[in-house]
Amino acid sequence: MQTATQPRPQPLDDHARHAALRAVLTLLGHWQCTEKEKMALLGVGRSTLHKYQSQPDSARVSQDLLERLSYLLNIHQALRTLFGNKENVYGFVRMANHNPFFNGARPMDIMSAGTVAALYEVHRQLDSLRGGQWG
């Protein structure tokens with residue numbers, strides 16, 4: 001039995017990659033991230049971060065960075081869906097969370113571990129909350 005194959009998603013062009021980077025840099029500003037947190041979240045060193053911030057449209061957006069940008073934007077979208085006020089949308093990542101996964105830590109504490117897996121887990125937790133399945 002032959003199954004229909006799903007069309008492969010088209011890779012993002014440079015314009016879309018740079019737009020995602022600009023959006024995340026703005027988001028990190030709203031989250032009041034330190035330089036160290038920005039470096040951890042984006043998986044880059046100080047000089048690369050400074051280049052991204054000063055010239056985002058000339059950045060080389062690798063597959064790793066693109067994955068990180070995607071998780072960060074999805075985390076933001078989940079927060080926008082969950083909360084109707086800017087204080088929670090932008091402040092949630094700084095709030096201590098006593099859900100078993102966070103165990104009193106702030107989401108930023110988890111995310112700034114610097115791994116893609118940490119971003120994935122925070123996104124997964126928020127996505128489950130959005131679906132009413134916090135846990």
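How many helices and how many strands does the secondary structure of the protein chain come to?

## Overall make-up

The chain comes to seven helices and zero strands, where helices are DSSP runs of H or I with at least four residues and strands are runs of E with at least two, numbered from the N terminus. This is a predicted model, in which local features need pLDDT of at least 70 and side-chain atom pairs count only at pLDDT 80 or more, while totals for chains, interfaces and linings use all residues. Residues are numbered from 1 along each chain as its sequence is written, and side-chain values use heavy atoms, with hydrogens and water left out.

Of the 135 residues in the protein chain, 38% are buried; buried means under 20% relative accessible area, exposed means over 50%, and partly exposed lies in between, with a 1.4 Å probe and protein chains only. Among contacts (heavy atoms within 4.5 Å) between residues at least 6 apart in sequence, 58% join residues at least 24 apart.

## Helix α1 and its cover

Helix α1 covers residues 14–30, and its end C-alpha atoms are 24 Å apart, which agrees with the 24 Å that its 17 residues should span; the expected span is 1.5 Å times one less than the number of residues. Its buried residues are R17, H18, A20, L21, V24, L25, L27 and L28, and what covers them includes α2, α3 (46–54), α4 and α5 (86–91).

## The crossing of α2 and α4

The axes of helix α2 (residues 35–42) and helix α4 (residues 63–82) come within 9 Å and cross at roughly 110 degrees, the axes being lines fitted to C-alpha atoms over the stretch in contact, with angles from 0 to 180 degrees between N-to-C directions. That makes α2 roughly perpendicular to α4, a class that runs from 65 to 115 degrees, whereas angles under 35 count as roughly parallel, over 145 as roughly antiparallel and the rest as oblique.

At this contact, A40, L41 and L42 in α2 meet L65, R68, L69 and L72 in α4. These residues divide into six nonpolar, no polar and one charged, with Ala, Val, Leu, Ile, Met, Phe, Trp, Tyr, Cys and Pro counted as nonpolar, Asp, Glu, Lys and Arg as charged, and the others, Gly among them, as polar.

## Aromatic pairs

The structure holds three aromatic pairs, defined for rings of Phe, Tyr and Trp (its six-membered ring) with centres within 6.5 Å, where planes under 30 degrees apart count as stacked, over 60 as edge-to-face and the rest as tilted. One of them joins F83 and F92, whose ring centres are 5.6 Å apart with planes at 35 degrees, so the pair is tilted; F83 is partly exposed at 21% relative accessibility, and F92 is buried at 9%.

Another joins F101 and F102, with ring centres 4.8 Å apart and planes at 85 degrees, so the pair is edge-to-face. F101 is partly exposed, with a relative accessible area of 27%, whereas F102 is buried at 2%.
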